[in-house]
Amino acid sequence: MLALRLGRRTHLLAQLRRLLVAAASAGVGFLLLCTLGWAMGHPAGSTVRLLWCLIPLAATVQFAVAVARADPILRPRAGLSAVGLGPARLTALAATSTAVSCALGSALALLFFLHLRGDLTGMPFDGEAAKLLAADQPLPLGAVLTLLAVVPVLATAATALALRSRGGADRGPVRERVPGAGQEPVGESGAGPGADLASAAPVPHPAPAPGGLPWGVALTAAGLAVETYASRGGADSALPLPGHFGGSPAGVLAGWSLTALGLALAGPGITHLCGWLLQILRPGAIRLLAGRTLMAEARRIGRPLGVLCAVLSGVLAANSLYGPGDERPFGPLTALGAALVIGCTAATLLTATLEARQVRASTTRTLRLAGAPAALVRTAAAVRATTVLAVFTPLTWAVASLAAIPLSG
Amino acid sequence: MVAPPDNDVLWARSLTYSHSGSPALDDVSLGVREGEILAVTGPRGSGKTTLLRCLSGQLVPRRGEVWFNSTPVHTMSALLRERLRRDRFSWIAPEPSLVPELSAWENAALPLLMRGASHRAAKTAAMEWLERLDIGAYARKRPGALLQSQRQRIAVARALVTEPSVLFADEPTAPLHRADRAQVLRTLTTAARSHRITVVLATLDAEVALLADRTVTLLDGRRVNAPRPSEAEGRAACSLSV
């Protein structure tokens with residue numbers, strides 16, 4: 001109840017993000033139910049269809065976690081702290097909020113599914129897909145509930161895990177207690193041991209550079225190589241690709257998974273590198289602030305950036321699979337799945353950017369106190385965005401082009 | 001609107017301000033002469049910080065006037081006040097608010113870099129002030145790796161590096177122990193005297209106030225004559241017994 005009461009009073013943007021999570025959850029729930037409906041009438045190949053749902057499911061869970069991390073409920077507040085609502089309880093509140101949003105989405109998915117099957121009447125389009133969704137057969141209740149519970153359960157568990165691992169109240173990058181009592185810096189005049197009892201307040205400490213860049217590059221290269229090799233194989237796989245493809249779909253999918261994993265791993269490292277490049281060679285205030293901020297935010301926004309890069313390059317490459325007279329043409333459910341994946345990954349990146357902005361709020365206040373004009377802060381943000389775009393856009397295009405070569409060959 | 005006296009670099013008349021309805025300043029007037037160190041004293045909640053924020057253009061008083069060098073600050077646009085704060089004023093907060101992503105010298109040099117100074121010149125000036133404040137050895141460290149006292153000295157260096165016309169110091173030695181406090185205050189006052197920087201210093205500490213040329217005392221947002229120590233103690237005792 002407290003989660004609902006707090007959530008009801010939050011900012012409109014926060015409520016909109018929760019609604020988007022509910023919508024994404026509804027989309028995935030609907031895809032899963034459609035898979036079930038199709039499987040009831042056509043049992044062959046149903047496992048493969050279910051497996052394809054894993055991609056939008058993963059994107060939705062990632063989005064739900066990102067929204068929970070940026071949730072204003074999690075912001076440490078004196079009022080809640082005074083009544084004993086510490087980091088652990090706030091994490092539980094955020095997880096509850098995620099569960100409620102996802103459950104709402106699942107309920108909507110069920111209603112829409114039943115409506116299309118013709119089980120609910122009195123509205124337009126009722127029973128439009130009755131034949132496809134096996135309306136003549138009763139729905140297995142256990143299967144329906146299990147499929148609808150997948151998104152809420154996974155999203156809630158991932159949220160709880162993600163928030164628990166970051167230590168609850170800590171909203172900064174990597175924060176640690178400043179060396180204080182009993183630790184005297186060598187050569188320090190005047191600052192005796194224990195001279196800094198006030199330093200018990202946590203101070204943001206720059207996180208070390210992300211170390212995943214070499215692994216990410218290696219995995220991406222390996223993935224592209226596997227995909228190219230697999231495209232020469234026979235089309236005897238049990239995992240048919242959409243559109244038309246003559247090679248080994250299983251190999252291509254394995255290659256693609258490796259490439260996507262590599263890009264996700266390399267994302268933080270590439271972002272950090274962007275920041276480092278931005279602030280080298282005697283920078284002025286704007287380049288210095290933009291570069292260092294990007295370096296500090298690399299872990300927070302780098303992963304969603306890498307995932308978005310992987311998704312977009314995948315979409316561009318998959319585009320080459322489709323053409324006239326395809327055996328498996330681009331249908332509405334494929335479109336829904338693609339829209340969910342692209343929308344969720346883009347929304348995750350935006351939410352992570354928003355979270356980074358929230359974390360940076362104290363730094364912005366400090367800059368304003370030091371007399372920095374608002375234009376400087378805005379320009380530094382624009383420089384960061386331009387740098388990231390300038391690096392990730394060609395990277396996405398290059399990976400997409402390399403991945404599309406074996407598919408179109 | 002009456003122009004302020006010519007010899008006052010900063011002048012305020014009948015300042016009144018309230019935080020969301022809670023009165024913070026009530027009809028406070030004062031003048032600060034060029035190169036003067038003015039201490040603003042008073043117990044917590046007496047309006048010292050609000051007064052400094054009004055004088056420095058961070059807040060616009062609900063009523064009253066603030067003049068800087070015969071220029072009305074209270075009628076300036078937000079953009080002009082921002083520029084004034086950047087070019088002519090400096091601010092030291094009770095807590096050392098530094099940019100965590102920048103090293104000590106970069107934090108100290110930031111105001112110069114924001115003004116468009118070259119990287120080399122900004123670094124040289126920042127290092128000079130860090131050396132004067134005995135933290136030159138930590139110039140390359142990030143704030144997160146430093147003690148609170150060291151961070152506060154960086155904040156002091158950042159405030160002094162531009163050699164501002166007016167330096168607003170809001171309890172600058174609050175987080176420091178006695179030894180650090182003496183050294184930071186000595187540097188601050190020496191710099192102010194040698195560079196003719198006007199200092200408006202809010203403090204709770206009577207010893208700190210002794211370093212000032214003049215003292216203004218606030219109580220419940222109003223300017224009063226400074227109470228004698230025995231009176232202040234008596235008041236505290238009374239409030240405790242209630």
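This report walks through some features of a predicted model with chains A and B.

## How to read the model

Residues are numbered from 1 along each chain as its sequence is written, while chains are lettered from A and ligands numbered from 1 in the order in which they are written. Because this is a predicted model, local features need pLDDT of at least 70 and side-chain atom pairs count only at pLDDT 80 or more, whereas totals for chains, interfaces and linings use all residues.

## Chain A at a glance

Chain A has 13 helices and two strands. Here helices (H or I, at least four residues) and strands (E, at least two) are DSSP runs, numbered from the N terminus. Of its 409 residues, 43% count as buried. A residue is buried if 20 or more other C-beta atoms lie within 10 Å of its own, exposed if 12 or fewer, and partly exposed in between, with C-beta atoms placed from the backbone.

Look next at contacts in chain A between residues at least 6 apart in sequence: 79% of them join residues at least 24 apart. Two residues are in contact if their C-beta atoms, placed from the backbone, lie within 7 Å.

## Two domains in chain A

Chain A is assigned domain 1 (2-171) and domain 2 (205-408); such bounds come from an automatic or database domain assignment. Their contact takes 20 residues from domain 1 of chain A and 18 residues from domain 2 of chain A. Which helix gives the most to the domain 1 side? It is α4(A), with nine residues. By class, this side of domain 1 of chain A has 14 nonpolar, three polar and three charged residues. Ala, Val, Leu, Ile, Met, Phe, Trp, Tyr, Cys and Pro count as nonpolar, Asp, Glu, Lys and Arg as charged, and the others, Gly among them, as polar.

## A pair of helices

Helix α4 (residues 54-69) of chain A meets helix α11 (residues 332-359) of chain A: their axes come within 8 Å and cross at roughly 20 degrees. That makes α4(A) roughly parallel to α11(A). Angles under 35 degrees count as roughly parallel, over 145 as roughly antiparallel, 65 to 115 as roughly perpendicular and the rest as oblique. The axes are lines fitted to C-alpha atoms, for helices over the stretch in contact, with angles running from 0 to 180 degrees between N-to-C directions.

Residues making the contact include A:I55, A:A59 and A:F63 of α4(A), and A:L340, A:V341 and A:C344 of α11(A). In this contact there are 11 nonpolar, six polar and two charged residues.

## Two domains in chain B

Chain B is assigned domain 1 (1-88 + 164-242) and domain 2 (95-163). Taken over C-alpha atoms, the centres of these two domains of chain B are 24 Å apart. In the contact, 14 residues of domain 1 of chain B meet 14 residues of domain 2 of chain B. Helix α6 (residues 178-195) of chain B gives the most to the domain 1 side, with seven residues. That side of domain 1 of chain B divides into nine nonpolar, three polar and two charged residues.

Most residues other than glycine have a negative phi. A:R282, not a glycine, has a positive phi of about 45 degrees.

B:S20 sits in the loop between β1 (8-19) and β2 (22-33) of chain B. B:S20 counts as exposed because it has 5 C-beta neighbours inside 10 Å.
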